[in-house]
Amino acid sequence: MNQNFDIIIVGGGAAGFFTAINIVEKNPKLKVAILERGAEVLQKVRISGGGRCNVTHACFEPNELVKFYPRGEKELRGPFHQFCSGDTIEWFEKHGVELKIEADGRMFPVSNSSQTIIDCFLKATQKLGIAVLTGQSVQSIFNPEVSGENVWKIETQTENYLAEKLILATGSNPKVWEMLQNFGHAVVSPVPSLFTFNIKDSRIKELPGVAAHVTVTVKDTKLTSTGPLLITHWGMSGPAILKLSAWGARILHDKNYQFTIFVNWLNDEETADVEKKLKDLKQEHAKKSVSKKSPFELTNRLWESLVLASGIETETKWADLSKTQVQNLANQLTKATFQVNGKSTFKEEFVTAGGIDLKEINFKTMESKLHKNLYFTGEIVNIDAITGGFNFQNAWTSGFIVANSI
């Protein structure tokens with residue numbers, strides 16, 4: 001038996017739910033169903049932001065907001081003028097969820113719980129009569145041009161569904177991408193984005209939990225990033241590293257995650273200037289031990305580690321530093337070299353760069369340029385962002401635009 005709907009949305013995540021709710025709010029006559037392959041919906045929402053759900057970012061200017069998207073910057077400018085972070089805040093407030101801004105610009109529900117967002121979506125779908133169907137793994141999609149009918153046919157392992165319009169909100173799903181390739185859509189092959197660096201190095205081995213505000217550069221590339229760096233048991237993490245992993249997703253994949261980075265622990269200080277400061281310290285603190293107290297904005301533990309790495313013994317006094325030791329220390333502070341061997345996934349928030357080629361999508365409607373009545377929302381397309389609520393904002397914006405155009 002075929003089940004008939006006006007609109008089928010494949011994917012029971014953030015983008016799928018937001019799209020469905022907005023469609024029916026704008027046109028209550030439409031019969032809409034969400035198909036989810038898992039036993040539960042909104043699983044990624046549940047774990048995002050450490051279980052708090054980083055809903056969006058407090059960046060309210062579309063031309064500024066697009067700069068957080070390594071892939072999609074140009075294409076999202078128009079959509080963000082239609083639905084931006086401010087609209088997201090207003091939408092959630094209207095649906096009974098108040099958001100708050102944290103110091104770094106990330107926005108969370110005031111409740112500090114992702115369950116608040118899940119409950120909001122489930123309540124809205126129930127109220128609007130949207131069918132939420134779990135355990136529905138799509139096996140095949142037949143487009144109207146093939147079937148000769150004017151509807152899309154979706155087969156799951158248990159049911160057949162017919163719908164006039166099909167919206168794909170499946171995120172990074174290789175199986176669905178393969179089906180779309182059979183329709184003639186180009187898919188940019190997925191590679192990981194947002195990952196941390198695996199580094200084994202004696203200088204940081206004993207320092208997990210230590211953080212610093214740094215500039216990191218990848219050798220032989222134009223990749224550079226500034227921000228907080230966190231030393232971990234397996235290497236390096238924190239915003240500076242995650243930004244680098246997002247912007248360098250393709251390049252670092254091509255290097256098989258084996259590459260060299262330079263860390264300027266003093267952020268933007270030049271080596272020559274630091275050398276001069278160290279020579280001044282040599283005069284000022286002649287009788288004091290070099291390793292005991294950091295004269296820069298670094299923790300004493302990190303400072304001591306860099307001093308030892310410069311060939312300076314623990315008890316050496318400032319006055320006794322040789323010219324070579326001063327140079328070594330300036331280099332360790334401003335251009336310390338580390339070898340990266342592999343990557344680790346950042347928490348549970350797995351993001352990929354890749355998806356439907358952006359040239360094949362009409363960003364005024366999020367409709368496929370190749371097939372009428374086929375729409376895309378969220379991460380199924382080749383758009384991804386750095387960490388901080390930006391990937392969710394893309395889901396809300398694309399969902400809103402689909403709803404509007406339908």
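Which residues is Ser-368 in contact with, leaving aside its neighbours within four places in sequence? They are His-185, Glu-360, Leu-374 and Phe-376. Contact here means heavy atoms within 4.5 Å.

## Basis

This is a predicted model, in which local features need pLDDT of at least 70, side-chain atom pairs count only at pLDDT 80 or more, and totals for chains, interfaces and linings use all residues. Residues are numbered from 1 along each chain as its sequence is written, and side-chain values use heavy atoms, with hydrogens and water left out.

Ser-368 sits in strand β20 (residues 367–368). Helices (H or I, at least four residues) and strands (E, at least two) are DSSP runs, numbered from the N terminus. Ser-368 counts as buried, at 6% relative accessibility. Buried means under 20% relative accessible area, exposed over 50%, and partly exposed in between (1.4 Å probe, protein chains only). A polar atom of the Ser-368 side chain lies 2.9 Å from the backbone nitrogen of Leu-370.

Ser-111 lies in the loop between β5 (106–109) and α6 (114–128). Its relative accessible area is 42%, so Ser-111 is partly exposed. The Ser-111 side chain makes a polar contact with the side chain of Thr-116, at 2.4 Å. A polar contact is a pair of N or O atoms within 3.5 Å; within protein, one must be able to donate a hydrogen and the other to accept it, and residues adjacent in sequence count only if both atoms are side-chain atoms. Val-97 is 14 residues from Ser-111 along the chain, and their C-alpha atoms are separated by 8.7 Å.

## Strand β8

β8 runs antiparallel to β7 (residues 138–142), joined by 4 bridges. It also pairs in the antiparallel sense with β9 (residues 160–168), over 4 bridges. Strands pair if DSSP finds at least two bridges between them. Ile-154 stands opposite Ile-141 in the β7 pairing and opposite Tyr-161 in β9. A hairpin through 3 residues joins β8 to β9.

## Helix α12

Helix α12 spans residues 300–309. Its buried residues are Leu-302, Trp-303, Ser-305, Leu-306 and Val-307. An α-helix has 3.6 residues a turn, so residues three or four places apart point the same way.

Just after α12, Gly-311 takes a positive phi of about 80°.

## Nonpolar cores

The largest nonpolar core holds 84 residues. A nonpolar core is a set of buried Ala, Val, Leu, Ile, Met, Phe, Trp, Tyr and Cys residues joined through side-chain atoms within 4.5 Å. Ile-8, Phe-92, Phe-121, Leu-168 and Trp-396 touch the most other members. Beyond its neighbours within four places in sequence, Phe-92 is in contact with Val-55, Val-97, Leu-99, Ile-117, Cys-120, Phe-121 and Trp-396. A second, separate core has 44 residues, including Val-214, Met-236, Ala-330 and Phe-338.

## Cysteines

The whole structure has 0 disulfides. A disulfide is a pair of cysteine sulfur atoms within 2.5 Å. For Cys-53, the nearest cysteine sulfur is that of Cys-120, 10 Å away. Cys-53 is buried, with a relative accessible area of 0%. For Cys-59, the nearest cysteine sulfur is that of Cys-84, 6.8 Å away. Cys-59 also counts as buried, at 12% relative accessibility.
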